[in-house]
Each structure stands twice: as structure tokens, then as C-alpha cells.
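Hi everyone, thanks for coming. Let me put today's model up on the screen, and then we'll walk through it together.

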Amino acid sequence: MIQALFNIIIFPGLLFLFVLALAAEFVDRKLSARLQNRMGPPWFQPLADFIKLLGKENILPCDADVHIFKFMPVLALTASATSFLYIPLWQSKALNSFNGDVIVVLYLLTIPTLTYFLGGWYSRSVYSMIGAVRSLTQLFAYEVPLFMSILASALLANSWNLSEIALFYSQHPGYWLFNFIGFSIALISLLGKLEKTPFDIPEAETEIVAGSFTEYSGKLLAFFRLSIDVEMVVGSSLLAAVFFPFGLGLTPVLGFILYLVKVTFIVCLISFLRTVLARLRLDQMITLCWKYFAPLAFLQVIINLILKGVFLK
Amino acid sequence: MIRPGRMFKQLVSSFFKKPATLNYPAERSGMPEGFRGKLKFTPDKCIGCLMCMRDCPTGAIKIKKIAEKQFECEIDLGKCIYCAQCVDSCPKKALEITQEFELAKLDRKKLTVVFNAENKGEAR
Amino acid sequence: MHNSQDVQVPFGPQHPALKEPESFLVTLRGEKITASSVKIGYNHRGIEKACEERTYIQDLYLIERICGICSHSHATAFSQAVEEIAGLEVPKRALYIRSLIGELERVHSHLLWLGVAGHEIGFDTLLMYTWRDREVVMDILSLLTGNRVNYGMNTIGGVRRDITPAQAKEVLKAVDTLEERTKYYIKIATQETTIIDRLSGVGVLSKKDAISLGAVGPTARASGVARDVRKDDPYAAYGELDFKVITTNTCDVYGRTVVRVLELMESYKMIRQILKDIPEGAITVRAPRKIPAGEAASRYEAPRGEDFHYVRSNGTEKPDRVKVRAPTLANVQAVSKMLEDRYLADMPIVIAAIDPCFSCTDRSIVIKNSGTRNSKTVPWEVLHVQSIEWYKEHKGIDFSALNKKYAKHFKI
């Protein structure tokens, strides 16, 4: 019991996740600054920002629905933190697992986007409402390629259980290499989920101020920002578990380091992509997702079906 | 060739280079020669023609007669726009520009600096 | 036409995309803009009136502060007008130095614009790189003039500082660096997919509309209107310089980007030619403190377009009237046209594409007797006759003979 509580609250649960989230934000910011030939923030900057926001006054818009407005940041954080429990990190077994948890994780990761929508919509500000609608529209564009590419990997492993998927790939080394298209699609879709350039359309600063978060301030904004960071770590861990499932049988320390390397690699890729590309328009983004990414993800499904039919009989 | 990520090479090479920005105020780049910073007044050279006062666009400069052939100059750095027109107008070169540019003060009164025989450009 | 699906979005006066206060009210249906209106006038500073209270020398520094970016443009246009009234013959060397600073200013302004355009389409990397390279030209400007902005280079009758051979060498070195970097940006702007996707076909202003709405500068040139004061009405040293007027026919934001980056290359060519051909001699002529009565209009091709100054003097130390028309006033009319049937996402870049400078633009005008019954309409024929009489009386020039000779060309 105490062991389980320790696992959930401290390591590798909530506290560890928060530290990792702030570290991921630092890596993201520092790398993008260095790529832009700038210095970038010191290592404690994300933590300092978080503490600063916690100390600020909460301003509630008078037209907003107070309960939903206040509840949404907490829900966003809870949803993304919960999904972390089902992802195998450095062992082939996650903290908690059951058959079908890959679906649960994907849906838990959808909840933050819904909270951005609801939080923005009930702020009753024009910018928030446009941002809210945009994040929902975007959701319908990137969810399908993301789901398809992750499920393609699950299909090859013949399991809906993340831990079992990881176990399959460690028993059949080399098979994860076939999921390359799926990984690229999932990575780009993750950019949409995290609302980073080129898919930062819902919070495009020069168009709609801060989108859904325009009216948020103080602690509530701090939670929203933390939830985005947490989502970045959870998303990267999910991608690492599904697409880079190697070296899971190592000793705990080596496995832990390998896990950190994998997550950092994916965070760096996200950071690099957001630095090297310009923001797309909503219509362009939807065309891109439906016209190119969804068929490519489907191609990955077909490849995996053929692989399964031919080699894994 | 038209393709996304055209700046790829530049970004990667920047990653391995030193940042272009400076960690001010720990590091600082110098001002070029002839930079128009804080003014300097030499009381001995002044003849009290008041041309600087007449031409100053903001009325930042005040020349006061304190004794026979002795003048005191009071400059309001808050008003001064550092155009150095007074330097051009001065027939005896009593006014000069320096390269000093970090002139912010927490007290507005400290922005008014005085030049005379004893005081060399400090607040009174 | 309003219906319940329409949302009105205030875009300013305070908005992250806008660096100065101005208001664009757009009506949205979904993401599409169905109507837009432009409202300027949030930053009226009363500079024209303040000019009447100060001497010509003091005015120079005030005029220079109309715009932080095209400060040399305004100061040159003003001093040109005053010199014309006073009948001063500005030395050749001074004219060349004015052109040199003018071109350096254009380089800094266009590089700044490129970065801002990158920021508006969410490409902050381009912003960081162009602004880093802009520092090169800023350093050169501060070396030549003594400040990074508000150069204070002009005075009535010439320029205030000479250029030493050592400085000229520095300028040439900087121009080499900048040219190489600009070639890189031309490559990026014309070959990066995400930039092209966001810029081409956006904010279309046809040639006809550009002429009828009176667009100036790169905005007009990108619509195929070869309008450039440097060519049409050469001032300073431009009559002797060799350069092309860059135009494109794409009529969109992409065209405006291309015009600006190619103009940079022309500027480098001009800077090299100026430094090669610059004549020796004095840099200033003595200007009287009291400018004789008269009036003059002066035009200048600022980085954003044609800048127009009108000065009337009354024989004292202070001008009687100063009128400034900044280029943005001519271009801002076109914004509503460019926004027709576009998406909300295009709005920042369409506004940024005219390189707006709203604080420079804001003027106020009081029309006497407006709205009362005392107003009267003066027909063209009467005005024509009055103008001939006015010149005869005030200037001592008799146009009546000339007028009779060319009468058939006037549509009276």
C-alpha cells in the first residue's frame, strides 16, 4: 500500500512527472533559443515562471462560468498525469496496466484539448472563443492520424495493452524499425496536440492573443501551462514506449537513463520542428492532416498487417 | 528547391556557435567613437553667449552666470534627447559629448546634473 | 449584412500583433473575414503644431522623431523643403552623405520588416536571424551618425558629420556581410514552403486598386506600379546613382516580400557607388536663422513609400505651417481592400505587409464651418482663375499668357 502510494505520488508518479515536465520545458526553450543563436533561459526558469504565476492574482472575467473556468486547468493536469501511469517507462511493465489501456491513454490525452475548449468557451471572450473553436477543429484533424499510427504499432504486437506491446517489441527486436512512418506521423500530430508551431493555431499570438488562455491568469494559468508541459512528457513517453521499445530489459539505472535519453530526443525533435517551420493556417493544417497524414498512417496500418500476415504467422 | 525546413542547416550550425547576444550587464559591447551620450561642459571655455540654450529642442540645458566670466551649466538628462545640437552651436567648444549612455536613475531629481568649477556633472 | 453567425472581433487598439495603437474591427463568419474597418488616430501627437512653436533647427529634431525607423527620411524631406525656400545650394558631398544614410536606413528598415513578417506568420526564427543581422547596419549607422536611431545627421544646408575613409571602409565591409546574408534570406523567402504557403495569394491588391487607392512604396511596386520618388523626382544624389525600380506583378504579400528583399540588393549597389563616387568638398553651407517668406513641398522615398512634407515660412525663425504626410496614410486605405474574403489568420501579415507606422500617420485636421450653411463649393474654373491671380500677386509670376497658349490642354 505504502509502496503503491509512493509510486503514484512521488516516484515515478506525480512529483517525478512535474520535475520531468519542467525539465522538458527547459530543454524545449533552451534548444530553440540556441538554434536561433540566442542564449536561452537558465535551467530554473520554468520553475521560476511557475512559482511566479502561483503568486499572482487570479482574475475571473465577470461573464465567465466560474466553476468550469476554475475546474478546467485542474482537469487538464489530472487527465495528462493519470495517463502517465499506464505508460511503460523503463521496464516493459507500467505502474498500472490492463487490456485496452492504449485506448484509455489516447483518450485521456484528448481530455486536455477538451479542457482548452471548455475553458476558452466559458471565458466568454472573443479571442478565447475563437481559440477554443480552433483547438477543437484542430483536434479532429490530428487525432485520426495519431490514433491510426499508434494503433498500427499495437496491431503488429497483437495487443491493446501498452505493457504487452512493449514486451512484444523487446521479444522481437528490430520490428520497431518498421514503424518509422507511424512515428513521423505521430510526432507531427503530437505537435498539434501540444499546440506548438506549426500547429499553434489555437493560441496564435499575433492573431488571437493567447487563444483559450487569454482570460486565464495566476494559479489557473500556471496549472494550464504545467499541464501542457506534462502532456509533452506524457506524449513523448508514449511515443518512446510505442515506437522505441528497445532496451527495456536493462538494469533499472541504465534503463532509467535510456528512458530519459529517449524522451529528451523526442522533446528535442518537437523543439526543432517548431523552430524550423512557420505557423500554418487552419485550413492548410486540416488539408495537410486529412490529405497526407491520414493516408500515410493508413499505409502504416497496411504495412503492419502485411508484416503480421507474412512473418509472424 | 522549394521544401519545408529550408533553414535547417543554418539552425544546426548556430547550435554549435556562440550566441549572438551578450549577457548584459556582465558583458557589454562598447559604443563607437562619436556616439552621442551624456554631455560634458567645460566652465572655463564658456563665454555665456547662450546659443546652446537657444537651439536646444527640448530646453534641457541652462547656462547660469554665477560670477564675472564664470558660468554654470545645468542639464536635465530627462529632457535631453542627445541630439548634440548644442555641441554644434557652441562657438567655443565648451560643450562636448561623451560615450556615457547608462544614465537611468531611480530619483527624478538626480537626472538634473550640474557642471561648474567644483561639480563635474553630478546631481547637485 | 449581419446575421447571427457573425462575430465581431476587435483587432486593436491593444493587440499583440500591433506595435502601435490602431483599431481594425473585423466581422468574422467562421474563420473568414466578411467586413473590416480601419480606425486610426489613437496616437495623435500634435507634431505639426509643435513645429510652429519652435525654430527651424529645433524642428529638425522634432521632425526626426515622427518615426523611429524612417527618421532620416522625415528629417531630409523637411530640410529639403526649408532649403528650397531659403534658396540654399547644398554641397554635393552633403547630398551624397544624405543618400548614403538614406540607403542604410532602408536596409535596416527592410530587414526589420522581414523579421516582423516572420513573427506575424509565427516564424520567430526568421525574426531572430534578420534582427541579428540588422545589428550590423545599426552599428554602422551609430558609427557614422552617433546614434542607432534618430541619427541627427541633417541640418539646414547640409549634413552634420563627414565620413572619413576609415568609416567608409567599415561600411563596405558591413555591406559585404549584409549582401551575403540578404542572398540567404532571398533563398529562404522564396524556397521555404511554409513561408510561401502563408504569403502567396494573401492580401491581393490589383494594379488598378493600387493606383486608385493611392498606394505608395513597396506596396504599390508589388502590384506592378513602378512608383519611386528616387526615380520619378530625384533628390539628394539619386539622379546620379544607378539603380533599378523593383516591381513584381504578383500583387500579394509574397510580392511585397520579394520587392523588399530585392530592394535591399539595390541599396547595397547604391551604397558602394556612393562611397566610390562621393565628391570632396564642404558638407554644409551656412543657413540663415530667419528663413525668408515662401513655401515649398518636398518628396522623399522613405523605406515605406513616398513621404511628403510641406513647409510655409513667414520670414521669422519659426515656420508658419508644417504639413507631413507619412507613407502609411497612403497605404492604410488599401488594407480593407486586401482583407476582403481572407481568413482571420491572414490579418496580421496583411496589415504588416504595408509596413505600417501608425503613430507617424496620425494627424488631426479642423475644418472650419463644416456642417454649417456657410460652406460653399468652389468650382474648378473659379479655382483656376484664382490660382493665376494668386501667383501674379504673391509671387510676381504671370501665368496668364502661358495659360492662354495651353488652354486647349486644360479641360475647362
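**Pockets and a sheet**

Let's start with the lining of the largest pocket: its residues divide into twelve nonpolar, eight polar and 16 charged. Here Ala, Val, Leu, Ile, Met, Phe, Trp, Tyr, Cys and Pro count as nonpolar, Asp, Glu, Lys and Arg as charged, and the others, Gly among them, as polar. A pocket, on a 1 Å grid over the protein atoms alone, is an open set of points where a 1.4 Å probe fits, with protein on both sides within 12 Å along at least five of seven lines; lining residues have an atom within 4 Å of a point.

A word on the source: this is a predicted model, where local features need pLDDT of at least 70, side-chain atom pairs count only at pLDDT 80 or more, and totals for chains, interfaces and linings use all residues. Residues are numbered from 1 along each chain as its sequence is written, chains are lettered from A and ligands numbered from 1 in the order written, and side-chain values use heavy atoms, without hydrogens and water.

What about the second largest pocket? Its lining has 22 residues, and those closest to its centre include Ala20(B) and Glu135(C). By class, the lining of this second largest pocket splits into nine nonpolar, six polar and seven charged.

Now over to chain C. Its domain assignment, which is automatic or from a database, gives domain 1 (6-39), domain 2 (47-361) and domain 3 (380-409). Between domain 1 and domain 3 of chain C, the C-alpha centres lie 48 Å apart.

Last stop: chain C also has an open sheet of three strands, ordered β6-β7-β8, with antiparallel pairing. Strands are DSSP E runs of at least two residues, numbered from the N terminus, and two of them pair if DSSP finds at least two bridges between them. β6 (294-302) and β8 (319-325) of chain C each have a single partner strand, so one side of each is left without a neighbour in the sheet.

Key
Helix = DSSP H or I, 4+ residues; strand = E, 2+ residues; numbered from the N terminus.
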